[in-house]
Amino acid sequence: MDHRLSGQYAIAGVAESDLGVVGPGRTELSLQVQAALRAIADAGLTVKDVDGIFVQPGPFERMPGLLLAEYLGIQARVNDTTMVGGCSNLQHIEHAIAAIEAGLCEVALIAYGSTQRSAGTRQIGGVSEDPRSPRGQFEIPYGLLSPIGSYALATTRYRYLYGLEDTDLGWLAVATREWANLNPVAYRHDDPLTMSEYLASPWISWPLRRDDICLVTDGGGAIVLTRIERARDCAKKPVLVLGIASRSNAHYWVPGLDDILTTGARVTGPEAMSMAGVSHQDIDLLEIYDAFTTMPLLAVENLGFCERGQGRYFFHNGRTGPRGEMPMNTSGGGLSYCHPGMFGVFLVVEAVRQLRGECDSRQVKGVQVALCHAFGGVLSAESTVLLGKE
Amino acid sequence: MIRPHPEPTPLTEPFWQEARARRLAIQHCSSCRQYQFYPRIHCIHCGAQSLEWEVVSGRGTIYSYTVSMRAPTPAFSVPYIVAIVELDEGPRMLSNVVDCEPAEITVGSLVQVDFLALDSEISLPVFRLA
Ligand SMILES: [Zn+2]
């Protein structure tokens with residue numbers, strides 16, 4: 001995005017809905033709306049201030065933006081339902097800035113909700129495919145678990161080239177759980193994880209184990225974004241969007257990747273950091289989508305925090321945990337906090353709260369700049385967002 | 001219990017027709033002379049629509065693989081191996097490596113195509129260690 005827009009837009013409000021297991025009486029819409037109303041209140045705005053809606057379709061609703069606008073009782077001037085998997089809500093931030101900059105709307109509401117846990121819509125084989133589609137003909141008949149299997153394929157290649165050991169990813173899982181143990185709303189808040197428990201957890205799609213894989217929960221999240229001038233009049237100190245970049249990679253499913261270990265982060269990282277005018281040393285906090293431990297492994301390398309093949313050492317000795325020098329996934333992440341299908345919005349919610357200093361016992365001291373990175377599909381789309389204080 | 005059943009389209013029918021005869025056919029571009037998989041209307045290398053079907057060697061190398069300990073349907077008995085095979089001609093395809101213990105396979109293993117008949121219409125290309 002145009003570097004001149006760095007710091008010109010701000011996140012004024014964030015919120016989660018109820019998380020975990022919400023029960024059969026709740027719908028995607030009800031969680032979206034609960035998170036949206038909380039985020040709007042967090043910003044000190046009212047529903048009537050919102051004139052841009054950004055939301056991705058889930059399994060039950062094809063036109064969720066129209067439904068959300070109707071339910072909230074607003075006439076949205078922009079209604080964007082970009083769906084590129086788990087990084088959709090980060091791309092929505094980029095689209096919202098573009099829309100406001102173009103005069104299409106003033107206050108953007110980005111919302112997500114899923115009841116995949118209570119509704120039982122998450123299947124280990126993934127979503128069903130048209131048997132005539134490319135995946136239906138050439139992938140589904142082979143029984144690749146989705147999305148686990150795709151990340152397992154990347155992990156095997158990494159093991160072969162760089163000698164990844166089981167404990168390398170174990171450090172990440174254990175550190176992430178330690179953060180969850182500090183977050184009262186985390187699904188695994190009361191459930192510590194040791195390395196030996198991690199190593200004893202069963203293989204699901206070798207070389208990935210159960211404890212390399214995210215939770216399956218319900219939940220929703222929302223973000224309110226507007227111009228910095230307007231955000232200054234809101235209830236809380238604005239959190240600036242310093243830099244943002246997105247890519248849809250030139251593949252949908254992993255056999256189409258030129259190199260299964262080279263991801264869009266190699267482009268979005270430098271672009272977003274350049275827009276923000278920051279370098280790696282300036283970043284105090286990482287929020288990286290961790291549906292599988294493989295994702296942060298690939299992200300830290302492709303974002304340039306370490307050389308290729310060195311990511312396996314990045315998490316050692318609790319370096320990304322509560323007492324580590326490079327705090328990462330401080331909410332407890334998709335692995336241990338919540339994972340309602342698409343985690344992007346929760347990366348931003350946590351980064352904003354850390355930048356505001358609202359995180360109590362898991363608060364990282366002195367956070368000035370946070371980097372959020374999300375994946376969508378199976379390494380198919382990515383977004384990097386840098387957030388900072390005014 | 002039969003595994004998820006691909007449904008050929010007019011575009012992909014030659015692939016499945018050759019597979020019924022236990023031959024692996026992929027598209028070759030007569031304009032840029034490169035191969036591609038999966039089948040498309042146009043060449044992803046040069047954009048030309050001058051694609052021809054060519055029966056290839058069926059030899060390849062394991063680019064990566066996973067050992068699945070859970071199955072999406074009861075048609076698969078665990079553990080089973082799902083792999084990305086890099087064909088000698090260049091393109092990569094997803095497949096299974098059959099009659100192979102997990103300890104026998106590694107990235108770089110050489111494999112040869114075989115065919116698993118699901119019914120009279122579909123023979124699925126799978127691979128064996130060469
Ligand atoms: Zn060509």
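How many residues does the contact take from chain A, and how many from chain B? It takes 32 from chain A and 37 from chain B, where contact means heavy atoms within 4.5 Å. This is a predicted model: local features need pLDDT of at least 70, side-chain atom pairs count only at pLDDT 80 or more, and totals for chains, interfaces and linings use all residues. Residues are numbered from 1 along each chain as its sequence is written, chains are lettered from A and ligands numbered from 1 in the order in which they are written, and side-chain values use heavy atoms, without hydrogens and water.

Stay with the interface. About 3000 Å² is buried between chain A and chain B, and carbon and sulfur atoms give 66% of that. Buried area is the accessible area (1.4 Å probe) that two parts lose on being put together, summed over both. Gln137(A), Phe138(A) and Tyr142(A) supply 25% of the area that chain A buries against chain B, more than any other three residues.

Now turn to the sheet of chain A. It is open and has nine strands, with mixed pairing, in the order β3-β2-β4-β7-β1-β8-β11-β10-β9. Strands (E, at least two residues) and helices (H or I, at least four) are DSSP runs, numbered from the N terminus. Two strands pair if DSSP finds at least two bridges between them. Neighbouring strands are turned by 25° against each other on average, direction ignored. Helix α3 (residues 88–101) of chain A packs on this sheet, and β1 (9–16) and β2 (52–55) are among the strands touched. The direction of α3 makes about 110° with that of β8(A). Axes are lines fitted to C-alpha atoms, for helices over the stretch in contact, and angles run from 0 to 180 degrees between N-to-C directions.

Within the sheet, β8 (residues 239–248) and β11 (residues 381–389) of chain A run antiparallel, joined by nine bridges. Leu240(A) stands opposite Gly388(A) in β11(A).

Chain B holds the zinc site. Cys29(B), Cys32(B), Cys43(B) and Cys46(B) each coordinate the ion through SG, at 2.3 to 2.4 Å. Donors are N, O and S atoms within 2.8 Å of the metal (3.2 Å for Na, K and Ca); water is not among the atoms, so sites may look incomplete. The donor spacing in sequence is C-x2-C-x10-C-x2-C. The four donor atoms subtend angles of 105 to 113°, so the arrangement is tetrahedral, a label that requires all angles to lie between 85 and 135 degrees.

Notes. Tetrahedral: all angles 85-135°; square planar, octahedral: opposite > 155°, others 65-115°.
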